[in-house]
Amino acid sequence: MNYTRALSGNFGVEVADPDVATMSDDELRELLFALYTNRIAVLRTGGLTEVEYVDFARRIGDPLLLIPDKVAYPEIIPVDNLRENIKKTKHSAAHWHTDQSFTSPLASVTMLYSIAAPSSGGQTHFCDMAGAYDALSESIRSEIDEMEVVHRRGVSIVARQEEHAPPILKDWDYRTVHHPLVRRHPITKRKTLYGISGSSQGIRGMSDAAAKRLLESLCDHALAPRFLNSHHHRVGDILMWDNPTTMHKASPIGQATGPDDARVLWRISLTGIPSVFLECIDEEGA
Ligand SMILES: O=C(O)CCC(=O)C(=O)O
Ligand SMILES: [Fe+2]
């Protein structure tokens, strides 16, 4: 396959003309390795049907079923600014987060397939948490290496003022889970910061004030421009990201008035290890 460095910052890779529907196991392994080592991959496809998209996703993990299963493809979560959905999706992802960090198991890869793209705006922004971890001083790394973050759905204690808070919905699961602050990537084994913003509510065994201070200083470090990147969607793109090593956020966008500012994405979020990598994992899992 044809890889080039894709995005505006220091990470991310683009794949021109991938044959999504007929990709061999070797090509898929190569693509996923490129994704894990670059954090984000943009596949410039010539167009896909729902079934091709879902079949491709199922080779990479188990799709989360977040919407009622009465629809034909419950794996596909619509993310759009169309009139009928704008209330539900408006700005709900416009804050730094890692998908499903408030649950266990965690999301592995998330993908957005672009059906309609606005001519300007509507980018998805990324933060490279593996690069940010590497750039911490040795003493901070050893101080935080064994810490566990308390996660719960809602507004994180380190949510930034300029961000949109996620809507608080009654039917959400507000149970608390714990995840290591520093994880090893399940496939590459590279160490990375994990889930410092989004659903972080504290650090196990630490006062709320001290946890807020520490998480805020890690966010200030990780959200520096050298660890950031953004993607402007184009129709036919599959934007894939590796949740263990990234945070992301949507750009707020208003309700579409016509084809020029419509933003329609099909999201699929996955858990688990791709079957092409099953022989490489240890008990740590996804
Ligand atoms: O709309 C976007 O750019 C990102 C969407 C997102 O982060 C989500 O649905 O979790
Ligand atoms: Fe997200």
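Visitor: Before anything else, what kind of model is this?
Guide: A predicted one, so everything here is computed from its atoms. The protein chain has six helices and 16 strands.

Visitor: How much of the chain counts as buried?
Guide: 41% of the 286 residues. The test for each is 20 or more other C-beta atoms within 10 Å of its own. As for contacts with a separation of 6 or more, 82% of them come from residues 24 or more positions apart.

Visitor: How do you know that the length of helix α1 agrees with its residue count?
Guide: Helix α1 covers residues 25-38, which is 14 residues. At 1.5 Å a residue they should span 20 Å, and the end C-alpha atoms are 20 Å apart, so the two agree.

Visitor: Which residues of α1 are buried, and what do they pack against?
Guide: L28, L31, L32, L35, Y36 and N38 are the buried ones. The buried residues of α1 pack against β2 (13-16), β3 (40-44) and β14 (237-242).

Visitor: Which residues touch the most other members of the largest nonpolar core?
Guide: A41, M111, M129, L193, A222 and M240, out of 56 residues in that core. Helix α6 (residues 208-222) gives the most to this core, six residues. As for M240, leaving out residues up to four places away in sequence, its contacts are L35, I40, A41, L43, V109 and M111. L35 is also one of the buried residues of α1.

Visitor: What makes strand β8 a partner of both β9 and β12?
Guide: Two strands pair if there are at least two bridges between them. Strand β8 has four bridges to β9 (residues 177-180) and three to β12 (residues 200-203), so both pass the cut-off of at least two. Both pairings are antiparallel. E148 stands opposite P180 in β9, while V150 stands opposite G202 in β12.

Visitor: And which residues of β8 are on the covered face, and which on the uncovered one?
Guide: V149 and H151 are on the covered face, E148 and V150 on the uncovered one.

Key. Residues numbered from 1 in each chain as written. Chains lettered and ligands numbered in written order. Predicted model: local features only at pLDDT ≥ 70, side-chain atom pairs only at ≥ 80, totals over all residues. Buried ≥ 20, exposed ≤ 12 C-beta atoms within 10 Å, placed from the backbone. Helix = DSSP H or I, 4+ residues; strand = E, 2+ residues; numbered from the N terminus. Contact = placed C-beta atoms within 7 Å. Expected span 1.5 Å × (residues − 1). Core = buried A, V, L, I, M, F, W, Y, C linked by C-beta atoms within 7 Å.
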